[in-house]
Amino acid sequence: MDDFERRWRLIHEQLLDQASGAQPRAVASQRTLFGIRSSVEEKMDRFARQIEEEQRAKRNAVGREDGDAEADSAKRPS
């Protein structure tokens, strides 16, 4: 079942619950009307970018350390 069908099934179940007077299930959405990004999505993207930048900085630092070690060994006489 694709995402579209799953969403329509959930809507159908919600309507049936309301029509029968049953307690409807709570539904959490990550998007608001018209696909506008929620504040939670924006925060998660911001955190993901920060983590990526930190990881990139660590990789670059390790790469520089390796390059410095190779340069030092090349300068030493054999």
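## Salt bridges

A search of the whole structure finds three salt bridges. The criterion is a side-chain nitrogen of Lys or Arg within 4 Å of a carboxyl oxygen of Asp or Glu. This is a predicted model, in which local features need pLDDT of at least 70, side-chain atom pairs count only at pLDDT 80 or more, and totals for chains, interfaces and linings use all residues. Residues are numbered from 1 along each chain as its sequence is written, and side-chain values use heavy atoms, with hydrogens and water left out.

Side chains of opposite charge can pair when their charged atoms come close. Helices here are DSSP runs (H or I, at least four residues), as are strands (E, at least two), and numbering starts at the N terminus. Arginine 9 is partly exposed at 36% relative accessible area. Glutamate 13 is also partly exposed, at 28%. Buried means under 20% relative accessible area and exposed means over 50%, with partly exposed in between (1.4 Å probe, protein chains only).

## A shared aspartate

Salt bridges with shared partners link Asp3, Arg6 and Arg7 into one network. Arginine 6 bridges to aspartate 3, with the closest N and O atoms 2.6 Å apart. Arginine 7 bridges to aspartate 3 as well, and there the closest N and O atoms are 2.9 Å apart.

The spacing along helix H1 is three residues for arginine 6 and aspartate 3, about one turn of the helix. For arginine 7 and aspartate 3 it is four residues, again about one turn. Arginine 6 counts as partly exposed at 37% relative accessibility. Aspartate 3 counts as partly exposed at 35%.

## Aromatic pair

The structure holds one aromatic pair. The rings of phenylalanine 4 and tryptophan 8 have centres 6.1 Å apart and planes at 70 degrees, so the pair is edge-to-face. Rings of Phe, Tyr and Trp (its six-membered ring) pair if their centres lie within 6.5 Å; planes under 30 degrees apart count as stacked, over 60 as edge-to-face and the rest as tilted.

Phenylalanine 4 and tryptophan 8 are four residues apart in helix H1 (residues 3-20), so about one helical turn separates them. Phenylalanine 4 is exposed, at 55% relative accessible area. Tryptophan 8 is partly exposed, at 49%.

## Nonpolar patch

Phe4, Trp8, Ile11 and Leu15 make a nonpolar surface patch of about 450 Å². Patches take residues with over 30% relative accessible area and no salt bridge; like charges are joined within 9 Å, nonpolar side chains (Val, Leu, Ile, Met, Phe, Trp, Tyr) within 5 Å. Areas come from the Shrake-Rupley method with a 1.4 Å probe, and for residues only the protein chains shown count as cover.

Leucine 15 belongs to helix H1. Leucine 15 is exposed, with a relative accessible area of 52%.

## Helix H1 and the chain

How far apart are the end C-alpha atoms of H1? They are 26 Å apart, which agrees with the 26 Å that its 18 residues should span at 1.5 Å a residue. The expected span is 1.5 Å times one less than the number of residues. Just after H1, glycine 21 takes a positive phi of about 85 degrees.

The chain has two helices and zero strands. Of its 78 residues, 4% are buried. The chain exposes about 7,400 Å², and carbon and sulfur atoms supply 55% of that area.
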